[in-house]
Amino acid sequence: MARNMNRETLEQKIAKTEKAISRKREQYDRLTAELEDLHKKKKAILNEEILKAVFC
């Protein structure tokens, strides 16, 4: 049988979980921005290679 939580314990657990989600969201946003930057760099390199192939 599950142990009953009192209100204070439940509130602490909620706060802890919200804080963890916030940290993960910040990490997700940072990694998403980094990935977008990497894709832009890759596209620039591919465009440069195409131009070289066409004009050489």
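Is leucine 31 buried, partly exposed or exposed, and what is its relative accessibility? The legends below take up this residue and others in a predicted model.

**Figure 1. Leucine 31 in helix α1.** Leucine 31 has 47% relative accessibility, so it counts as partly exposed. Lysine 42 stands eleven residues from leucine 31 along the chain. The C-alpha atoms of leucine 31 and lysine 42 are 16 Å apart.

Figure 2. Along the principal axes, the C-alpha atoms fill a box of roughly 75 × 20 × 5 Å. Helix α1 covers residues 7-55. Buried residues make up 0% of the 56 residues. The chain exposes about 5,900 Å². Carbon and sulfur atoms supply 58% of that area.

**Figure 3. Serine 22 and isoleucine 45, 35 Å apart from C-alpha to C-alpha.** In sequence, 23 residues separate serine 22 from isoleucine 45. Serine 22 lies in helix α1. Its relative accessibility is 32%, so serine 22 counts as partly exposed.

**Figure 4. The salt bridge between glutamate 11 and arginine 7.** The N to O distance is 3.4 Å. That falls within the 4 Å cut-off for a salt bridge, which is why the pair counts. Glutamate 11 and arginine 7 are four residues apart in helix α1, so about one helical turn separates them. How exposed is each partner? Glutamate 11 is partly exposed, at 45% relative accessibility. Arginine 7 is exposed, at 68%.

**Figure 5. The salt bridge between glutamate 36 and lysine 40.** The closest N and O atoms are 3.6 Å apart. Both residues belong to helix α1. They sit four residues apart, about one turn of the helix. Glutamate 36 has a relative accessible area of 45% and is partly exposed. Lysine 40 has 53% and is exposed.

**Figure 6. The salt bridge between aspartate 37 and lysine 41.** Here the closest N and O atoms are 3.4 Å apart. Aspartate 37 and lysine 41 are four residues apart in helix α1, so the separation is about one helical turn. Aspartate 37 is partly exposed, with a relative accessible area of 36%.

**Figure 7. Charges across the chain.** How many salt bridges does the chain hold? The count comes to four. Among them are glutamate 11 with arginine 7, glutamate 36 with lysine 40, and aspartate 37 with lysine 41. The chain carries 14 positive and 10 negative charges.

**Figure 8. A nonpolar patch on the surface, formed by Ile50, Leu51, Val54 and Phe55.** Together these residues have about 460 Å² of accessible area. Isoleucine 50 lies in helix α1, which covers residues 7-55.

Key. Residues are numbered from 1 along each chain as its sequence is written. This is a predicted model: local features need pLDDT of at least 70, side-chain atom pairs count only at pLDDT 80 or more; totals for chains, interfaces and linings use all residues. Side-chain values use heavy atoms; hydrogens and water are left out. Patches are made of residues with over 30% relative accessible area and no salt bridge: like charges are joined within 9 Å, nonpolar side chains (Val, Leu, Ile, Met, Phe, Trp, Tyr) within 5 Å. Accessible areas come from the Shrake-Rupley method with a 1.4 Å probe; for residues, only the protein chains shown count as cover. A salt bridge is a side-chain nitrogen of Lys or Arg within 4 Å of a carboxyl oxygen of Asp or Glu. Helices (H or I, at least four residues) and strands (E, at least two) are DSSP runs, numbered from the N terminus. Buried means under 20% relative accessible area, exposed over 50%, partly exposed in between (1.4 Å probe, protein chains only). Lys and Arg count as positive and Asp and Glu as negative; His and the chain ends are not counted. The place of a charge is taken as NZ of Lys, CZ of Arg, CG of Asp or CD of Glu.
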